[in-house]
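Let's take a walk through a protein model together. Keep the sequence and the 3D view side by side as you read.

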Amino acid sequence: MKQSHLEVTERIIEKSRPTRTAYLHRLDEIVNRQRGADRLGCANVAHAFAAMPANDKLRVVVEKAPNIGIVTAYNEMLSAHQPYVNYPDIIRDEAHKYGATVQVAGGVPAMCDGITQGEPGMELSLFSRDTIAMSTAIALSHDVFDAALLLGVCDKIVPGLLIGALQFGHLPCVFVPAGPMSTGIDNTTKSKVREQYAQGKVDRKALLASESAAYHGAGTCTFYGTANSNQMLMEAMGLHVPGAAFIHPHDGMRELLTREAVKLVLANAKKEQFTPIGRLVDEHVIVNAMVALLATGGSTNHLIHWVAVARAAGIMIDWTDFYHLAKTTPLLASVYPNGKADVNEFQEAGGPAFVIRELIDAGYMFPDVFTVAYGGLRDYGKVPAKENDKLVWKDLPKESSDETIVRTAAFPFDESGGLRLLKGNLGRSVIKISAVPADRHIIEAPAIVFDAQEELLAAFDRGELEKDFIAVVRFQGPKANGMPELHKLTPPLAVLQNKGFRVAIVTDGRMSGASGKIPAAIHLTPEASAGGPLAKVRDGDIIRLNATVGMVNVLVDEDEWAERDLAELSDTKRHQNAHGFGRELFGGMRKNVLSAEEGAITWL
């Protein structure tokens with residue numbers, strides 16, 4: 001194992017010792033109790049199984065067969081989750097083969113960020129993660145389950161399910177994905193049409209046709225955003241059936257993988273290889289997830305979400321840990337928005353298995369960790385195949401089949417990962433540089449300050465941004481308005497950059513890596529609404545964003561800077577942020593939320 005990675009892991013273990021010890025103590029207190037059906041009162045048991053078929057009641061109560069709880073994010077609004085409609089039937093059929101029973105324990109909300117981009121609903125998006133975690137806890141709180149299967153794929157859903165499941169760390173759990181949609185139009189073409197629309201060169205009809213060709217069927221969107229980064233991390237943590245991430249929902253292998261998830265969770269429930277999720281997700285597994293994110297240039301959202309996931313297991317990480325890992329973790333994948341390939345092409349070129357195998361063999365990941373699969377993490381360096389209607393796992397070739405998409409650790413795209421930590425007198429932020437041209441890693445330009453993304457879009461439409469500048473988009477943090485993603489700012493900024501202007505964005509909001517080729521210092525902490533220095537910036541201030549050395553500073557005399565007043569969000573905008581589209585119900589979360597670097601956690 002690389003010494004640098006060992007040192008980071010040891011620091012995490014040491015600073016986590018009090019919280020991790022307390023977490024494991026709570027787990028040990030509960031793990032050896034009697035089964036729920038034997039321990040609960042008779043009325044409780046009768047309620048729990050009232051709607052079960054008589055044969056299943058017999059199995060769970062008399063025969064003491066394992067009872068699997070399903071927590072599902074199924075809905076018809078998300079293309080990624082629509083395939084889950086028949087999963088309970090498949091799971092129940094497979095469980096019955098082994099004498100086990102299944103109940104859908106509960107559903108969790110799952111919103112689509114693609115629908116709510118730039119709309120009020122996006123201000124509920126980040127907080128939906130903790131809502132999903134609480135919903136997962138409610139589902140499992142009935143306490144009659146011997147194991148759980150967690151059905152979810154997209155942005156906040158997987159982190160929320162995992163945070164919720166870790167509160168029931170005594171249970172064995174397996175995550176069950178549904179896969180990406182088939183490839184539509186290529187992402188480069190899609191982005192060009194968006195830029196043309198931003199310039200008024202094509203109309204809404206052409207834009208809708210392009211978007212509909214890109215997002216056209218069941219499965220996740222095919223770019224490497226938060227949803228597909230989720231799946232990469234689940235593989236790296238050993239929480240999937242190996243290789244389950246990027247198989248199409250309607251591929252015949254998908255059902256085999258789902259049935260295999262039942263077998264694996266039952267093997268744990270029957271104590272054949274009992275590893276509850278709270279034990280499985282340890283410091284080494286969290287580091288493996290961080291390394292996989294960095295090595296693939298994954299979503300910046302996970303610098304928030306995985307801080308919260310780790311904290312749910314009593315493990316303390318922050319952006320400094322990501323920074324130190326990134327310095328020595330090679331970039332092995334180039335998937336849109338970091339490259340031209342989509343996740344289907346990534347999968348065809350070797351996908352997560354190729355990356356994980358390379359990272360293990362080169363000493364960047366811990367192989368000897370618990371996983372839901374029998375063979376440990378090395379099993380996740382192989383790919384599933386179907387032979388005689390059965391699943392088998394096969395080794396990949398040693399060399400990449402397409403070096404424009406995946407590379408070996410000996411020949412990476414970059415010697416360091418695709419994410420950087422930025423520090424300076426504006427606070428701490430992160431930048432995804434894996435897609436940013438090298439000549440744009442340093443930007444120094446006057447600030448133009450906006451208190452809402454709509455203000456920037458309006459200024460672009462008026463032709464006021466045809467110059468070098470750094471857009472300061474503030475009051476977009478979790479306390480201000482729930483920290484929405486600012487995807488709609490990418491096309492106009494890309495247009496300006498393509499015209500030769502040196503532009504960048506500095507914000508306390510999120511962009512999920514969707515900034516693409518635009519230098520973007522995001523998640524700035526402390527946020528403007530929490531008294532962060534971003535609230536001091538004025539139009540015309542010179543800002544230097546230097547991703548090469550990891551700095552973001554406003555170049556203002558220190559005495560003048562110290563004396564400046566903090567701008568405040570206007571009463572009108574504060575009222576708008578707090579009302580309409582259900583935002584009233586999330587007021588407590590906005591009030592209590594921790595900073596982005598602390599995981600934007602609302603439950604501590």
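We can begin at a pair of residues in a sheet: Thr-72 stands opposite Gly-107 in strand S2. Before going further, note that this is a predicted model, in which local features need pLDDT of at least 70 and side-chain atom pairs count only at pLDDT 80 or more, while totals for chains, interfaces and linings use all residues. Residues are numbered from 1 along each chain as its sequence is written, and side-chain values use heavy atoms, leaving out hydrogens and water.

Helices (H or I, at least four residues) and strands (E, at least two) are DSSP runs, numbered from the N terminus. Two strands pair if DSSP finds at least two bridges between them. Strand S1 (residues 67–72) pairs with S2 in the parallel sense over six bridges. In general, strands of a sheet pair through backbone hydrogen bonds, either parallel or antiparallel.

Now look at the whole sheet: four strands form an open sheet with parallel pairing, in the order S2-S1-S3-S4. Strand S2 (101–107) and strand S4 (173–176) stand at the edges with a single partner strand each, so one side of each has no neighbour in the sheet. From one strand to the next, the twist averages 25°. Helix H5 (residues 87–97) packs on this sheet, touching S1, S2, strand S3 (147–151) and S4. Contact here means heavy atoms within 4.5 Å. The direction of H5 makes about 155° with that of S2; axes are lines fitted to C-alpha atoms, for helices over the stretch in contact, and angles run from 0 to 180 degrees between N-to-C directions.

Next come helices that meet each other. Two packed helices are described by the angle between their axes and the distance between the axes. The axes of helix H1 (residues 3–31) and helix H14 (residues 283–296) come within 10 Å and cross at roughly 130°. H1 and H14 are therefore oblique to each other; angles under 35 degrees count as roughly parallel, over 145 as roughly antiparallel, 65 to 115 as roughly perpendicular and the rest as oblique. Among the residues that meet are His-5, Thr-9 and Ile-12 in H1, and Glu-283 and His-284 in H14. By class, the contact of H1 with H14 has four nonpolar, four polar and two charged residues. Ala, Val, Leu, Ile, Met, Phe, Trp, Tyr, Cys and Pro count as nonpolar, Asp, Glu, Lys and Arg as charged, and the others, Gly among them, as polar.

Is His-305 buried or exposed? With 0% relative accessibility, His-305 counts as buried; buried means under 20% relative accessible area, exposed over 50%, and partly exposed in between (1.4 Å probe, protein chains only). His-305 lies in helix H15 (residues 302–312). Leaving out residues up to four places away in sequence, His-305 touches Leu-126, Arg-129, Asp-155, Lys-156, Pro-159 and Thr-226.

Finally, turn to strand S11 (residues 503–507), where five of five residues are buried. Val-503, Ile-505 and Thr-507 cover one side, and Ala-504 and Val-506 lie on the other. In a regular strand the side chains alternate between the two faces of the sheet. Strand S10 (residues 469–473) pairs with S11 in the parallel sense over five bridges, and Val-473 has Thr-507 as its bridge partner. Two bridges also join S11 to strand S12 (residues 520–525), running parallel, with Ile-505 opposite Ala-520.
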